[in-house]
There are 2 protein chains.
Amino acid sequence: MMNVPLRVTAMMEHAERFFPKKTVVSRTASGIRTFTYREIANRTRRLSSALKKLGVQKGDKVGTLAWNHHRHLEAYFGIPGAEAVLHTINIRLSPAHIAYIINHAEDKVLLIDQDILPLIEAIRDEISGVHSFILMTDEPELPDSPLKPLYHYEALLDEGDPNFAFNPDIDENEPAGMCYTSATTGNPKGVVYSHRGIVLHSMALGHVDGGSVSESDICMPVVPMFHVNAWGLPFAAVWFGTTQVLPGPQFTPKLLADLIEQENVTITAGVPTIWLGLLKELDEGKYDTSSLRYVLCGGSAAPKGLIQAFESRHNIPFAHAYGMTETSPLVVFSRIKSYQQDLSDEEKLNIRAKQGYLVPGVEMKVQGANGEVKWDGNEMGELLLRGNWIADEYYGEEQSASFTDGWLHTGDVVTVDGEGTIKIVDRTKDLIKSGGEWISSVDLENALIAHEDIFEACVVAVPDPEWQERPIACVVLKEEARGKVTKEDIKEYLKPQFAKWWIPDDVLFMDEIPKTSVGKFLKRALRDQVRDHYASEGTVETK
Amino acid sequence: MMNVPLRVTAMMEHAERFFPKKTVVSRTASGIRTFTYREIANRTRRLSSALKKLGVQKGDKVGTLAWNHHRHLEAYFGIPGAEAVLHTINIRLSPAHIAYIINHAEDKVLLIDQDILPLIEAIRDEISGVHSFILMTDEPELPDSPLKPLYHYEALLDEGDPNFAFNPDIDENEPAGMCYTSATTGNPKGVVYSHRGIVLHSMALGHVDGGSVSESDICMPVVPMFHVNAWGLPFAAVWFGTTQVLPGPQFTPKLLADLIEQENVTITAGVPTIWLGLLKELDEGKYDTSSLRYVLCGGSAAPKGLIQAFESRHNIPFAHAYGMTETSPLVVFSRIKSYQQDLSDEEKLNIRAKQGYLVPGVEMKVQGANGEVKWDGNEMGELLLRGNWIADEYYGEEQSASFTDGWLHTGDVVTVDGEGTIKIVDRTKDLIKSGGEWISSVDLENALIAHEDIFEACVVAVPDPEWQERPIACVVLKEEARGKVTKEDIKEYLKPQFAKWWIPDDVLFMDEIPKTSVGKFLKRALRDQVRDHYASEGTVETK
């Protein structure tokens with residue numbers, strides 16, 4: 001057999017040749033425009049040649065600070081097209097973290113959205129390794145800026161070569177992209193994506209039983225393109241000739257609902273927080289969302305109630321998947337097997353609320369205290385993963401406990417049932433150890449979130465002299481329930497569902513739960529807050 | 001990113017872990033039995049260990065002479081599981097060709113179905129390199145046979161190790177399989193399939209826009225497992241947990257129709273000859289075929305009438321694909337793009353009767369007399385292919401004109417339209433050159449086959465002193481039309497459809513058209529026959 005390198009640019013060539021008329025609907029600061037893949041491919045080739053002219057060398061990191069739009073899509077292919085590395089930067093991180101990331105990755109060039117410009121201007125003295133700044137703007141003229149040299153993206157493209165040929169003979173293990181994890185503690189850590197990894201991950205997204213992305217789909221990634229490559233969807237969508245809808249900057253639930261209706265979106269993807277917002281909008285407004293084949297939910301576990309609300313109230317199929325920055329991210333997809341179709345709706349919901357089973361192409365094992373755990377839905381252990389779209393190191397780190405013996409240690413504690421269905425029980429570091437037994441904070445949170453008066457809930461451990469640790473529930477009540485629901489009500493509600501020693505010692509009502517830049521609970525911060533609270537016997541934003 | 005070898009055995013491990021309850025329905029000489037993937041995986045591990053015990057070394061070729069059944073499926077994984085090479089041998093070839101193939105591949109072990117045993121016994125003196133014969137039989141005892149040593153497949157499995165561990169650290173470019181082309185001329189040529197090639201090809205079979213094979217499917221490959229790995233379907237089906245129905249030896253159209261109905265088959269695959277036979281059966285009998293999602297047709301071009309008959313008369317979606325032994329085989333799949341859905345049924349049929357466009361993961365170019373042809377649906381050139389499941393050599397041949405500059409030269413003359421849709425116009429060697437222009441024998445054949453009185457038709461060239469070559473139509477009339485339809489009727493029928501100089505100079509009525517062992521027209525033999533006919537002015541089986 002031939003051994004032809006798997007490469008990101010071949011996916012754009014495929015779209016250019018076989019789907020030149022298919023389109024990308026792009027929302028930017030100035031409105032919504034539509035581009036064909038012929039145009040996108042042409043602009044991508046121009047971008048690659050322009051980057052080369054700016055002195056970008058093979059292996060250089062080129063950073064992007066941008067929302068989901070056509071220019072960012074061009075960067076997804078145009079930067080690897082110049083044999084450089086697409087480094088997507090999370091614009092929601094603190095300026096200090098952004099500066100750290102740019103320096104740590106040694107970015108040579110930055111592509112920046114106009115509304116993000118002030119953020120970079122503010123840290124310009126700290127990122128002296130960057131030799132060129134490119135502004136991705138709809139405006140014809142560049143603004144005054146202390147960033148030097150600052151180039152106009154469209155002007156660069158105008159001077160670029162529309163016939164620039166991508167190198168077909170690269171090494172498929174070369175880096176094509178990188179992304180830093182949104183750290184809940186310490187500095188962000190860089191994950192590098194190879195051409196091979198991105199292409200194989202894209203294949204998994206096209207599988208019927210995986211993402212099932214196809215030519216006939218209209219895919220709207222709401223998950224940011226600066227976050228694990230928008231779960232790889234822009235890559236896969238180009239390859240398969242899928243129409244894309246890129247919702248641009250500062251979108252609202254209303255905007256998303258409008259786009260779904262107007263563009264006949266069939267697949268959309270995002271974190272639970274996004275879907276909670278959209279759900280509220282759909283409940284209140286009148287939208288035709290019948291085009292949706294499914295809503296993909298990942299990033300953190302989807303509460304059962306959320307799945308149910310989308311399906312029963314709006315007839316929108318809700319798909320649950322699991323992954324992380326280190327896994328490209330898709331590794332586990334929740335689906336009902338053919339012989340499970342006759343189960344009751346509730347049984348099926350219980351299966352689907354779990355994370356799911358492995359997509360073809362990755363391998364797993366679950367490591368408990370005494371080796372691999374039984375697949376009995378009960379024994380807990382840490383999920384270990386292996387595969388071509390799984391990271392084997394953090395960029396620039398000599399060693400990390402996350403990567404040993406050829407496996408990624410995910411830090412997620414799971415059970416696996418006889419069907420191979422994975423259920424995340426906790427993070428290794430969030431598991432509560434009480435009296436020699438383990439309490440799953442996630443199980444308690446899922447039960448809490450199913451309470452009709454609770455908007456958000458998070459369970460953390462506090463030290464206990466007798467039991468080592470005890471759980472405390474932090475609860476955000478819905479507006480209308482505040483002042484009416486008591487701590488005792490919550491505890492009584494939990495009692496029939498759990499062993500007595502699992503019931504939290506206390507319930508703290510809060511206005512909100514601290515979150516990371518991508519909407520995950522910041523458990524470490526919350527834990528500190530709660531521990532301080534008990535230490536000082538004061539109150540912490542409780543009501 | 002990790003670089004984990006793509007390997008065939010990982011696909012069986014995936015089925016074993018995530019689809020242990022899913023089944024393989026296997027028809028053998030003694031009837032139909034059902035096995036779970038847990039059982040198949042267990043037996044596969046036993047087979048690998050048994051082969052090792054027989055002295056099979058890494059890289060050894062192990063030949064199979066078998067129909068489509070569970071034991072052959074176990075060999076598909078168990079032979080690569082022993083780090084040997086699965087060499088599927090076409091049992092329909094002549095004994096001389098089979099002996100040639102076994103010796104050329106240097107097969108060390110042969111796995112043989114009981115009804116094929118006499119064939120191998122007859123050539124035993126010619127294949128002295130084979131050190132062990134294994135009989136795949138339902139009978140408890142071995143028959144008397146001059147083959148020595150002859151092992152009983154089930155007895156070997158009984159002694160095999162059900163916990164045999166497949167090596168996870170192979171080189172993905174190592175050979176896992178091989179298959180010889182059914183040559184229309186000269187000796188058969190060997191194509192070697194790597195682990196990498198088979199895994200990537202399987203991925204393409206799982207794509208929504210490719211084979212769309214999924215866990216919820218029930219897949220019946222009618223195409224023999226000795227012919228290009230049954231188009232790779234058994235590999236993909238195992239990986240995706242798809243139920244398989246393997247129709248066994250000596251099946252009839254009635255048996256296929258019964259299996260479709262009884263087993264609720266959703267996908268079935270075979271050559272046009274198979275579907276012509278099934279069509280007749282469905283027209284005459286009463287079968288419920290509503291479970292079928294699609295019938296996959298390849299091997300040679302599907303006549304429009306066949307597509308139409310399945311869809312309009314039986315409501316069975318008919319999918320057309322293109323490939324060859326050298327391409328694993330799937331490279332081109334015929335589908336209607338989303339924006340073509342509003343075309344008339346006839347326009348869509350015209351698109352679908354073409355071969356289709358490239359599946360993601362392969363590259364093409366079309367080489368005409370003056371470089372790459374225009375994609376205008378008109379300019380003709382030879383189709384060249386490149387990709388990870390495309391052969392780069394014939395086994396044991398120093399050089400071949402089929403492989404130059406890193407591309408496979410398919411020998412197929414095609415046009416490509418603006419959508420990238422490929423239409424095979426002819427084989428390079430079957431193209432008719434008349435008066436300096438090209439005449440497509442395939443176009444003429446398609447027109448002939450659409451005639452209501454014609455069962456089969458084949459057009460070949462005869463030398464002509466004035467025009468260089470001229471086309472002759474060889475026609476098999478349907479029973480009821482014989483003696484009624486004349487040569488002139490046929491020519492008159494063609495005249496409105498083609499330029500005057502395309503009309504065949506003569507029409508020869510025949511009882512049948514010579515075919516290869518896999519049902520393709522043996523054009524070379526026919527051409528010789530026709531030329532002899534004119535040389536002697538005699539008659540050749542004409543009516």
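Two residues are in contact here when they have heavy atoms within 4.5 Å of each other. By that rule, 65 residues of chain A are in contact with 65 residues of chain B. This is a predicted model, in which local features need pLDDT of at least 70 and side-chain atom pairs count only at pLDDT 80 or more, while totals for chains, interfaces and linings use all residues. Residues are numbered from 1 along each chain as its sequence is written, chains are lettered from A and ligands numbered from 1 in the order in which they are written, and side-chain values use heavy atoms, with hydrogens and water left out.

## Where the two chains meet

The size of an interface is often given as the accessible area lost when the parts come together. Buried area is counted in that way, with a 1.4 Å probe and summed over both parts. Between chain A and chain B it is about 5300 Å², and carbon and sulfur atoms give 56% of this. On the chain A side, A:M1, A:M2 and A:F18 supply 18% of the area that chain A buries against chain B, more than any other three residues.

A salt bridge is a side-chain nitrogen of Lys or Arg within 4 Å of a carboxyl oxygen of Asp or Glu, and 12 of them are counted between chain A and chain B. One of these joins A:R17 to B:E372, with the closest N and O atoms 3.9 Å apart. A polar contact is a pair of N or O atoms within 3.5 Å; within protein, one must be able to donate a hydrogen and the other to accept it, and residues adjacent in sequence count only if both atoms are side-chain atoms. Between the chains, 28 residue pairs are in polar contact, both residues being at pLDDT 80 or more.

Which parts of chain A touch chain B? Helices (H or I, at least four residues) and strands (E, at least two) are DSSP runs numbered from the N terminus. Several of them each supply at least two residues of the side of chain A that touches chain B, among them α1 (8–18), α7 (195–206), β17 (362–368) and β21 (407–416).

## An enclosed strand in chain A

Buried means under 20% relative accessible area, exposed over 50%, and partly exposed in between, using a 1.4 Å probe and protein chains only. Five of the five residues of strand β3 (residues 61–65) of chain A are buried, so β3(A) is largely enclosed by the rest of the structure. In a regular strand the side chains alternate between the two faces of the sheet. Both faces of β3(A) are covered, with A:K61, A:G63 and A:L65 on one side and A:V62 and A:T64 on the other.

Two strands pair if DSSP finds at least two bridges between them.

| Strands | Bridges |
|---|---|
| β3(A) and β5(A) (residues 107–113) | five |
| β3(A) and β4(A) (residues 85–88) | four |
| β12(A) (residues 267–270) and β13(A) | four |
| β13(A) and β14(A) (residues 318–322) | three |

Within these pairs, A:K61 has A:D107 as its bridge partner in β5(A), and A:G63 has A:H87 in β4(A). From β3(A) the chain passes through helix α3 (residues 70–81) to β4(A), a right-handed β-α-β crossover. Right-handed means that, with the strands pointing away from the viewer, the path from the first strand over the helix to the second runs clockwise.

A:L296 stands opposite A:A269, and its bridge partner in β14(A) is A:A319. Another right-handed unit is made by β13(A), helix α12 (residues 304–314) and β14(A).

## The sheet in chain B

Chain B has an open sheet of nine strands with mixed pairing, in the order β2-β1-β11-β10-β12-β13-β14-β15-β16. At its edges stand β2 (31–36) and β16 (357–358), each with a single partner strand, so one side of each is left without a neighbour in the sheet.

## Backbone details

The peptide bond from A:K148 to A:P149 is cis, with omega near -15°, and A:P149 lies in the loop between β6 (132–136) and β7 (150–152) of chain A. The bond from A:S328 to A:P329 is also cis, with omega near 5°.

Is A:N315 buried or exposed? A:N315 is exposed, with a relative accessible area of 65%, and its phi is positive, near 55°.

Key: Buried area = accessible area lost by both parts, 1.4 Å probe.
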